[in-house]
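Colleague: I'm new to this one. Could you walk me through it?

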Amino acid sequence: MTKKAPGKAYQKGISIIELNDMFPDEKTATKWFEDVIWPNGRHCPKCGGLRTREASHKYMPYWCTDCRSYFSVKTNTAMQSSNVSLRQWAIAIYLCLTNLKSVSSIKLSRDVKVSQPTAWFMMQRIREAWACDEGQDPFDGTVEFDETYVGGVRKNSRTRSAGKPRDAGRWT
Ligand SMILES: [Zn+2]
């Protein structure tokens, strides 16, 4: 019997066309990020408050009644500062996690239609956020999307990659 490791199906990489089916639009990608970032329910990224509700703001779909501010799933993450859509982020994350050795920023920039410097920036953030191992399936529930990583505030320990040289598998 072949042991079915998590994400094994993705070890050969995933095609753009499959990703396009998985994330057909911004709404699907947003839902995915919300499920990953708020697995126990939506909370305010600014104060941590749970008393939130939907708002009509164009870019900030939620409102925190505790600290009285708008937020979105991008708020206080590295994703908020860019014009990259969540769909582009989601596809980039999948491409990076499933094709770890072969993805270059040039290739990524073509695949998700961003500039090469933007693609490079995204790859750095993705790498920090997901502490990714090659072939890992972001959907299998074992990968944590750590807001502190995404926010760029690196805590001193990287337990999940302990023993691995920092530059191992460095992306180009
Ligand atoms: Zn709040």
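This is a predicted model: local features need pLDDT of at least 70, side-chain atom pairs count only at pLDDT 80 or more; totals for chains, interfaces and linings use all residues.

Colleague: What is the mean pLDDT of the chain?

Modeller: The mean is 74, and 66% of the residues reach 70 or more. pLDDT is the predictor's confidence in each residue, from 0 to 100.

Colleague: Where is confidence lowest, and where is it highest?

Modeller: Confidence is lowest in helix 6 (residues 147-150), at a mean of 40, and highest in strand 2, at 97. Over residues 1-6 the pLDDT is below 50, and that stretch has four contacts beyond near neighbours in sequence. Residues 139-172 also have pLDDT below 50, with 67 contacts beyond near neighbours in sequence. A contact means heavy atoms within 4.5 Å.

Colleague: How many helices and strands are there?

Modeller: The chain has six helices and three strands, in the order α-α-β-β-β-α-α-α-α along the sequence. Both come from DSSP runs numbered from the N terminus: H or I with at least four residues for helices, E with at least two for strands.

Colleague: What share of the chain is buried?

Modeller: Buried residues make up 41% of the 172 residues. Buried means under 20% relative accessible area, exposed over 50%, and partly exposed in between, using a 1.4 Å probe and protein chains only.

Colleague: And which residues have the most contacts inside the largest nonpolar core?

Modeller: Phe-23, Trp-32, Phe-33 and Leu-108 do, in a core of 34 residues. Helix 2 (26-37), strand 2 (62-64), helix 3 (86-98), helix 4 (105-112) and helix 5 (116-130) each supply at least two residues. Helix 3 gives the most, with ten. At least three residues come from each of domain 1 (8-38 + 76-158) and domain 2 (42-72), with the bounds taken from an automatic or database domain assignment.

Colleague: What counts as a nonpolar core, though?

Modeller: It is a set of buried Ala, Val, Leu, Ile, Met, Phe, Trp, Tyr and Cys residues joined through side-chain atoms within 4.5 Å. In soluble globular proteins, nonpolar side chains tend to be buried together.

Colleague: Changing topic: what coordinates the zinc ion?

Modeller: Four SG atoms do, from Cys-44, Cys-47, Cys-64 and Cys-67, at 2.3 Å. Donors are N, O and S atoms within 2.8 Å of the metal (3.2 Å for Na, K and Ca), and sites may look incomplete because water is not among the atoms. The donor residues are spaced C-x2-C-x16-C-x2-C in sequence. Cys-47 lies in the loop between helix 2 and strand 1 (52-54) and Cys-64 in strand 2, so this pair ties together parts that are 17 residues apart in sequence.

Colleague: Which of those two is buried, and which is partly exposed?

Modeller: Cys-64 is buried, with a relative accessible area of 0%, while Cys-47 is partly exposed at 41%.

Colleague: What angles do the zinc ion's donor atoms make?

Modeller: The angles are 105 to 114° among the four donor atoms, and the site is tetrahedral. For four donors, tetrahedral means that all angles lie between 85 and 135 degrees.

Colleague: What does Gly-49 touch?

Modeller: Gly-49 touches His-43, Cys-44 and Asp-66, leaving aside residues up to four places away in sequence. Gly-49 sits in the loop between helix 2 and strand 1 and is buried, at 10% relative accessible area. Its C-alpha atom is 7.0 Å from that of Cys-64, 15 residues away along the chain.

Colleague: Where are Asn-76 and Lys-113 found?

Modeller: Asn-76 is in the loop between strand 3 and helix 3, and Lys-113 is in the loop between helix 4 and helix 5. Asn-76 has a positive phi of about 60° although it is not a glycine, and phi of Lys-113 is near 60°. Asn-76 is partly exposed at 36% relative accessibility, whereas Lys-113 is exposed at 72%.

Colleague: Last one: is Val-103 buried or exposed?

Modeller: Val-103 is buried, at 7% relative accessibility, and is placed in the loop between helix 3 and helix 4.

Technical notes
Residues are numbered from 1 along each chain as its sequence is written. Side-chain values use heavy atoms; hydrogens and water are left out. Four donors count as tetrahedral if all angles lie between 85 and 135 degrees; four count as square planar and six as octahedral if opposite donors are over 155 degrees apart and all others between 65 and 115; anything else is irregular.
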